[in-house]
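Thanks for coming. Please look at the screen, and we will go through the aromatic rings and then a sheet.

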Amino acid sequence: MTVTLADVAARARVSPATVSRVLNGNYPVAESTRERVLRAVADLDYVLNGPASSLAAATSDLIGVLVNDIADPFFGIMASAAQTAIGAGASGRGGGEKLAVVCNTGGSPERELTYLTLLQRQRAAAVILMGGSLEAPERLAATAAKLSRLADAGTRVVLCGRPPVEGDAHAAALVFDHRTGARRLTEHLLSLGHRRIGYVAGPADRTTTRHRLEGHREALAAAGVPEGPTVHGPYERASGHAAVAGLLARDPDLTAIVASNDTVALGVCAALRERGLDVPGDVSVAGFDDLPCALDAVPPLTTVHLPLHEAGTRAGHLAADAAEPAPDGHETIPAELVVRGSTGAVRG
């Protein structure tokens, strides 16, 4: 049942006019009253229509692209490809163009929900959510509920690099095969004779982190090799640099370090060089994602290639309704091992 302005007013114990003033911001309202109204809006999930308020069932030409951090090449490559795909095929002024708006969440689930609500108010034609999500059940449920309401209102929902959860049956999902990629990467190190392998993981509460760690651990278990020390941190260069001290303190005889992504791997390499250790002569280093920096590193990084540009393009086409989703709505995007100079055989 549609929530009305009157419902919000009753919940907040104010008049409908006061609710309108709070939402429109065109009249001074006591802060305590404002907070009560906004809490009622959130509790009831009330959506105030934007420009399309007179056409409740209509959708706009707006497509929202939600990313954790547009400055991160992982997201930048996908978002750029999606935006290009969304604009492809438009025939000029009045020819079906779509406006792709990139929304930077900073990894905040609250900000993600806020953007989804704003896009819902604007009757967005589609939304694309890129990258992994938080593991917290209540967060997953809140996001799934919001996406369900968007889909019910006619908004296409595309998950790009994000695994679907229960309740996401309405979404088209493009899922990276992180587990297989991570497993093959660790199998490569094992084939070179490495048995003492440290791991710099991403944030512990992220789906991407868990899936990559699971693949790494599967390879170790299959080979009967004990798991080495693991530390968690952001997907940033500084995280890899800081992690080296902790890893070597726990096992000074490490012969290899796996990083959660290529940016983190660069930090690992820098910290090892500062300690006078050679890569890969003393310690092999591997990354993940195959970002442009991986090829330009010295030595070039062994990594796992994810087709980020292709995934972003596919997501853009799905969002713009220029491609058909898979029969069950879910597509697995393969990950491929790329061996370069940062890994080598164990000495001695």
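Let's start with a definition: buried means under 20% relative accessible area, exposed means over 50%, and partly exposed is in between, with a 1.4 Å probe and protein chains only. This is a predicted model, where local features need pLDDT of at least 70 and side-chain atom pairs count only at pLDDT 80 or more, while totals for chains, interfaces and linings use all residues. Residues are numbered from 1 along each chain as its sequence is written, and side-chain values use heavy atoms, without hydrogens and water.

Now the rings. Phe 74 and Phe 75 are both buried. How many aromatic pairs does the whole structure hold? The search finds 2. Rings of Phe, Tyr and Trp (its six-membered ring) pair if their centres lie within 6.5 Å; planes under 30 degrees apart are stacked, over 60 edge-to-face, the rest tilted. Phe 74 and Phe 75 are edge-to-face, 5.1 Å centre to centre, with 80 degrees between the planes. Phe 74 also pairs edge-to-face with Phe 176, at 6.2 Å and 65 degrees. Phe 74 lies in helix α4 and Phe 176 in strand β5, so this pair ties together parts that are 102 residues apart in sequence. Helices (H or I, at least four residues) and strands (E, at least two) are DSSP runs, numbered from the N terminus. Phe 176 has 3% relative accessibility, so it counts as buried. Phe 74, Phe 75 and Phe 176 form one aromatic cluster.

Next, the sheet. It is open, with 4 strands in the order β7-β6-β8-β9 and parallel pairing. Two strands pair if DSSP finds at least two bridges between them. β8 and β9 are joined by 3 bridges. Ile 257 has Val 285 in β9 as its bridge partner.
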